Amino acid sequence: MTPDLPPFDPAWQVAPLAYVERLEARPIEAIELVVIHCTELPDLAEARVAGERVLYPSGTGNSGHFYIDRDGQVHVWVPVERVAHHVRGHNARSVGIELVNRGRYPDWLASGSQRMDQPYTREQIAALRALLRELQARLPNLREIAGHEDLDTEQVPASDNPSHLVFRKRDPGPLFPWRDVLAELPLARIAAPANGD
């Protein structure tokens with residue numbers, strides 16, 4: 001097993017979640033995919049509260065590895081050598097990056113709240129591109145990238161109208177600038193057929 005790597009960039013804020021040692025360890029060679037999320041919460045503080053919430057018998061919860069605030073500051077909550085719970089069916093082979101963005105907050109599954117109209121900031125996208133370059137340099141088998149919405153396409157009854165189906169996950173959403181992010185980055189995007197750029 002590869003020992004925990006030091007922080008990639010000294011400017012990043014490293015603050016491991018309380019349960020991080022309970023997350024499964026893995027070799028960095030297992031990581032093939034990076035998944036882009038948005039927090040769907042109003043700010044980083046609320047995202048931290050959600051990330052610390054214990055949801056599983058193992059004493060762990062749902063969280064990404066990296067969080068990028070709207071000012072471009074990168075926060076490391078789970079080291080890449082640990083399996084974080086951020087996307088069903090792909091956790092063991094992926095790294096999760098969360099961008100602070102309100103998304104559909106606070107009525108995530110309401111049929112009338114499916115617009116995702118908060119743009120990502122220039123600082124967030126610049127920080128994300130730098131983070132992706134760093135990950136590619138450090139993770140030998142990283143080849144693919146996807147949005148959460150590309151990998152979890154389940155539809156569920158709307159919270160305000162059970163006869164209407166909505167997507168369980170829509171992040172990073174229609175305003176995420178895929179072309180800008182992937183320019184000059186040799187990562188292959190896994191995209192759901194119904195989701196455009």
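Modeller: A strand is a DSSP run of E with at least two residues, and a helix is a run of H or I with at least four, each numbered from the N terminus. This is a predicted model, where local features need pLDDT of at least 70, side-chain atom pairs count only at pLDDT 80 or more, and totals for chains, interfaces and linings use all residues. Residues are numbered from 1 along each chain as its sequence is written, and side-chain values use heavy atoms, leaving out hydrogens and water.

Biologist: In which strand is H75, and is H75 buried or exposed?

Modeller: H75 sits in strand β4. Its relative accessible area is 14%. Buried means under 20%, exposed over 50%, partly exposed in between (1.4 Å probe, protein chains only).

Biologist: What radius of gyration does the protein chain have?

Modeller: The C-alpha trace spans about 50 × 40 × 30 Å along its principal axes. The globule rule is 2.2 Å times the number of residues to the power 0.38, with the radius taken over C-alpha atoms. For 197 residues, a compact globule would come near 16 Å, and the chain agrees, with 16 Å.

Biologist: What share of the contacts with a separation of 6 or more joins residues 24 or more positions apart?

Modeller: Of the 197 residues, 48% count as buried. Among contacts with a separation of 6 or more, the share from residues 24 or more positions apart is 76%.

Biologist: Which residue's side chain forms a polar contact with that of S63?

Modeller: S63 lies in the loop between α1 (44-52) and β3 (66-68). S63 is buried, at 4% relative accessible area. A polar contact is a pair of N or O atoms within 3.5 Å; within protein, one must be able to donate a hydrogen and the other to accept it, and residues adjacent in sequence count only if both atoms are side-chain atoms. At 3.4 Å, the side chain of S63 has such a contact with that of Y67.

Biologist: How far apart are G89 and D152 in space?

Modeller: G89 is in the loop between β4 (74-76) and β5 (94-99). G89 counts as exposed, at 76% relative accessibility. G89 and D152 are 63 residues apart in sequence, and their C-alpha to C-alpha distance is 8.8 Å.

Biologist: What is omega for the peptide bond from Y105 to P106?

Modeller: P106 is in the loop between β5 and α2 (122-138). The bond from Y105 is cis, with omega near 0 degrees.

Biologist: E40 and E184 have positive phi. Which of them is buried, and which is exposed?

Modeller: Phi is near 55 degrees for E40 and about 70 degrees for E184. E40 is in the loop between β2 (33-38) and α1, while E184 is in the loop between α4 and β9 (188-190). Relative accessible area is 6% for E40 and 78% for E184. So the buried one is E40, and the exposed one is E184.

Definitions and conventions
Contact = heavy atoms within 4.5 Å.
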